[in-house]
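Hi,

Here is the structure I promised to pass on. Have a look at it first, and my notes on what turned up follow below.

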Amino acid sequence: MQHRPAHDTSRPILEMKNVSVRFNGTLALERVSFQLQRGERVAIIGPNGAGKSTLFNVIAGVLPPSQGQADIYGHGPGQHTCIAYVPQRSQVDWKFPVNVADVVMMGRVSKLGLFRWPKRRDWSLVEESLALVGMSHLAKRQIGELSGGQQQRVFIARALAQEAELMLMDEPLTGLDVKSQEDIFGILEKLRRLNVTVLVATHDLNLAAERFDRLMLLNQRIIGFGQAQQVFTPELLNEAYSGSMRLIETANGMMVISDTCCGGGDHVHA
Ligand code: ADP
Ligand code: MG
């Protein structure tokens, strides 16, 4: 029998306490502390190597921190099926011969236990999850045949089938066209109504500012955490991105321009 920690829902869904991670003596995360309330949508932004994926691994319980602890509803690491990790697309083997419905059913595996076959409730949860992300019509399609945006939606459906209360999405927008990004934001809206807490790592500062409740500016340590006006200041952006980001004023507010990220000189629209 797997050990499943009980929840104390009067506590924050996630509480990071002084978490540091060291790889061979190099600090990837330094004294990271923060709390998430249930239903919040928070974007984590920071340059490559800032520690975003490392932070997700600690929260998911697959990487023990060198110091500190991540508590889920007041409980330390364990088999928390209420947390789902939506992987970066580059980390998935897309040649693996499995169809969309099977991928989503994988979200039920931790709930099934040993030697149990999916029951009607499991399949109906899979169906509901696929419907929510608008992928019902492709349930029998091989996962490798889908577009990037569709693949991302399937992994969100898997997290939904797991009945996850906290979803960790590692760069779900990277490499998607504007329409597919909008589809993902539409799904995030539905998740908000379901009171699912969402933590998204992203490179897109402007989208982060527009679409999330709070932003975390991360580079080994938390440089800023709050609403866009508090976090997107020249000082904090300089500190996180070593001077490679600039803020300019536009008709409808501020816009962040990147000098070096993603190929150099890319203008990120507001
Ligand atoms: P991000 O996701 O923000 O790009 P990562 O969390 O992947 O950053 O990496 C943070 C730092 O930790 C980087 O310097 C990276 O090289 C290092 N790192 C990540 N995972 C490992 C690992 N398994 N072993 C050694 N170093 C690692
Ligand atoms: Mg990463």
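Predicted model: local features only at pLDDT ≥ 70, side-chain atom pairs only at ≥ 80, totals over all residues.

One convention before the ligand: Ala, Val, Leu, Ile, Met, Phe, Trp, Tyr, Cys and Pro count as nonpolar, Asp, Glu, Lys and Arg as charged, and the others, Gly among them, as polar. On that basis, the shell around ligand 1 holds four nonpolar, five polar and one charged residues.

Residues are numbered from 1 along each chain as its sequence is written, chains are lettered from A and ligands numbered from 1 in the order in which they are written, and side-chain values use heavy atoms, with hydrogens and water left out.

**The ligand**

Who surrounds ligand 1? Phe23, Ala28, Pro47, Asn48, Gly49, Ala50, Gly51, Lys52, Ser53 and Thr54 do, where a residue is near if one of its heavy atoms lies within 4 Å. Helix H1 (residues 52-60) gives the most to this shell, with three residues. Helices here are DSSP runs (H or I, at least four residues), as are strands (E, at least two), both numbered from the N terminus.

Now for the polar contacts (pairs of N or O atoms within 3.5 Å). A backbone N or O atom of glycine 49 sits 2.8 Å from an oxygen atom of ligand 1. For glycine 51, a polar backbone atom is 3.0 Å from a ligand 1 oxygen, and for serine 53 an N or O atom of the side chain is 2.9 Å from one. Taken alone, ligand 1 exposes 560 Å², and the protein buries 55% of that; areas come from the Shrake-Rupley method with a 1.4 Å probe.

**The chain as a whole**

You'll find eight helices and eleven strands. Of the 270 residues, 49% count as buried, meaning under 20% relative accessible area, with exposed being over 50% and partly exposed in between (1.4 Å probe, protein chains only). The accessible surface comes to about 13,100 Å², and 50% of it belongs to carbon and sulfur atoms. Taking contacts (heavy atoms within 4.5 Å) between residues at least 6 apart in sequence, 67% join residues at least 24 apart.

**Salt bridges**

If a salt bridge is a side-chain nitrogen of Lys or Arg within 4 Å of a carboxyl oxygen of Asp or Glu, the count comes to 15.

- Glutamate 165 pairs with arginine 38, with the closest N and O atoms 3.9 Å apart. The two are 127 residues apart: glutamate 165 is in the loop between helix H4 (148-161) and strand S6 (166-170), arginine 38 in the loop between strand S2 (26-36) and strand S3 (41-45).
- Arginine 211 meets glutamate 182 at 2.8 Å, N to O. Arginine 211 lies in helix H6 (residues 205-211) and glutamate 182 in helix H5 (residues 178-193), so the bridge ties together parts 29 residues apart in sequence. Arginine 211 is partly exposed at 26%, and glutamate 182 is partly exposed at 37%.
- Arginine 221 bridges to glutamate 239, the closest N and O atoms being 2.4 Å apart. This one links strand S9 (residues 221-226) to helix H8 (residues 234-241), across 18 residues.

Finally, Arg41, Glu189, Arg192 and Asp213 are linked in a network of salt bridges.

Cheers

Notes: Polar contact = N/O pair within 3.5 Å; in protein donor to acceptor, adjacent residues only side chain to side chain.
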